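Subject: Structure for your review

Dear colleague,

My notes on it follow.

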Amino acid sequence: MEELVIRDADVVDGSGAPSYRADVVIDGGRIVSIVQEAAAAGCQRPKARRELDAEGLVLSPGFIDMHAHSDLALLRDPDHSAKAAQGVTLEVVGQDGLSYAPVDDRTLAEVRRAITGWNGYGDDIDFDWRSVGEYLDRLDQGVAVNAAYLIPQGTVRMLAVGWEDREATPQELDRMRRLVAEGMEQGAVGMSSGLTYTPGMYAKDAELTELCRVVASYDGYYCPHHRSYGAGALEAYAEMVDLSREAGCSLHLAHATMNFGVNEGRAPELLTLLDEALATGADISLDTYPYTPGCTTLVAMLPSWASEGGPEAILRRLADDGTADRIRHHLEVVGSDGCHGVPMEWDTIEISGVTDPALAEYVGRRVDSWTTARHLLLADRLAPSILQHVGHEENVRQIMRHRVHTGGSDGILQGAKPHPRAYGTFPRYLGHYVRELGILPLEECVAHLTSRPAARLRLPDRGLVKEGYKADLVLFDPETVAAGSTFEEPRKLPTGIPHVLIDGRFVIEDGRRTDQLAGRSVRRTT
């Protein structure tokens with residue numbers, strides 16, 4: 001007898017098709033049968049060792065977070081309710097060109113310092129891996145949700161070139177190609193870049209194109225945080241479209257927002273750019289989060305020249321009054337490339353986290369000046385994370401409607417006051433934008449969060465409620481599902497999602513986290 005039957009669910013299967021009522025039978029971690037309208041038709045109803053009454057609930061595929069920063073959180077926090085409680089069954093990590101594999105001892109120490117604001121320094125983590133494959137093996141020991149990995153181009157450049165702002169030598173480029181090929185062979189699904197983050201931003205397009213050709217040879221995709229989301233946003237999007245076309249590589253645009261005052265009302269221009277490329281056969285997708293403010297680290301705002309040489313060099317520059325004033329001029333007058341070419345408006349910057357308890361009073365406060373920012377960077381050794389209040393609601397709504405859109409939280413889980421998107425992205429789509437505003441029909445929104453990302457990841461058996469597919473599933477109440485997290489209470493869990501299954505096992509049951517560690521690495525399969 002099969003393990004579980006979910007009875008009388010309103011199945012929204014992830015395809016975008018209309019919902020239907022069915023009993024869904026699960027065994028061995030997979031969906032083994034779907035019996036539509038069994039009760040109404042008087043059919044023999046399927047039986048199993050356990051039955052779950054889903055009356056009034058929607059059954060959908062598990063949500064796929066296409067942009068996650070849980071690289072260490074998956075290892076640090078077995079509970080990981082930040083994502084599990086949202087119905088997320090798969091996260092894509094290794095984002096924005098900076099993560100923890102492949103590394104050597106030197107690079108590991110440097111990257112830990114560079115993205116402390118994203119993931120913490122990691123004193124509580126046993127970094128017993130160096131390669132992509134070894135990191136994925138570590139996930140396979142059991143984590144809260146599944147995870148796929150992007151090779152971080154900035155970390156690769158750190159290994160081969162260091163923190164210098166120069167072109168790679170032929171030998172260095174060959175080494176980067178080998179590192180990317182090894183990572184793809186070990187199971188990565190693609191490569192990410194952070195082109196406003198050092199040292200990845202020092203790479204010219206020709207270098208990136210060569211690495212993307214390697215990714216394309218393994219049928220992976222390129223996921224850039226491109227060179228500007230501000231003054232040069234449309235040019236930066238076009239640059240990535242052209243680069244991916246030249247390399248013959250699939251493209252997924254990370255957190256594809258149109259932020260800052262210069263881009264208010266310009267989402268249609270971005271969508272026209274994408275439609276024109278898609279019409280010529282380009283393979284493009286994108287992700288967004290359903291909020292207006294962004295989230296990153298304070299040090300990321302600095303001009304790229306101030307970050308050359310790595311974290312210790314940054315601290316030396318900040319400590320020197322003359323150099324610090326030059327940094328201020330670039331931030332406030334010129335428009336730093338770290339701040340997307342837009343002169344800094346300090347009142348848009350809110351401190352969301354620090355590592356030094358003595359600085360806790362700054363969390364939740366807006367930065368009032370360069371003097372305060374410099375003090376925090378020096379005192380907390382580059383670790384402060386920030387919210388940047390620069391988004392536009394109409395841009396958010398227009399982009400989420402696009403046919404190649406997928407959901408990504410870009411959720412940074414560090415800090416005393418993180419962005420609420422880390423805990424609320426997926427229920428906010430379903431509750432606020434589907435039920436309350438009607439921006440998307442429910443069936444279409446679920447497709448954005450399930451089958452579309454599964455197709456981008458080339459997953460042959462996920463993203464749909466379909467016989468033979470993995471039983472990574474979510475049961476939610478369409479009348480009550482909502483994000484609990486707010487900017488005031490960012491770690492509050494969502495409502496209206498009573499059950500989440502991964503591999504046919506309940507990770508959320510009756511609204512509570514179980515002790516199941518059903519997640520594993522999800523590796524490239526082609």
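Among contacts in the protein between residues at least 6 apart in sequence, what percentage join residues at least 24 apart? The share is 75%, where contact means heavy atoms within 4.5 Å.

Please note that this is a predicted model, in which local features need pLDDT of at least 70 and side-chain atom pairs count only at pLDDT 80 or more, while totals for chains, interfaces and linings use all residues. Residues are numbered from 1 along each chain as its sequence is written, and side-chain values use heavy atoms, with hydrogens and water left out.

Overall form

The protein contains 19 helices and 20 strands; helices (H or I, at least four residues) and strands (E, at least two) are DSSP runs, numbered from the N terminus. Along the principal axes, the C-alpha atoms fill a box of roughly 80 × 45 × 45 Å.

Interior

Of the 526 residues, 63% are buried, meaning under 20% relative accessible area (1.4 Å probe, protein chains only). The largest nonpolar core has 120 residues, and Tyr222 and Phe476 have the most contacts inside it. Such a core is a set of buried Ala, Val, Leu, Ile, Met, Phe, Trp, Tyr and Cys residues joined through side-chain atoms within 4.5 Å. Helix α10 (residues 233-247) supplies the largest share of this core, seven residues. Apart from it lies another core of 30 residues, including Leu298, Leu302, Ile314 and Met344.

Leaving aside neighbours within four places in sequence, the residues in contact with Phe476 include Leu57, Phe63, Leu430, Leu442, Val446 and Pro498. Leu442 and Val446 are also among the buried residues of α18. Six of the eight residues of that helix (residues 442-449) are buried, so α18 is largely enclosed by the rest of the structure.

A loop residue

Thr198 is located in the loop between β9 (190-194) and α9 (205-217). Is Thr198 buried or exposed? Thr198 is buried, because its relative accessible area is 12%. Not counting residues up to four places away in sequence, Thr198 touches Leu98, Trp163, Ser304 and Ser307.

Yours sincerely

Notes. Buried means under 20% relative accessible area, exposed over 50%, partly exposed in between (1.4 Å probe, protein chains only).
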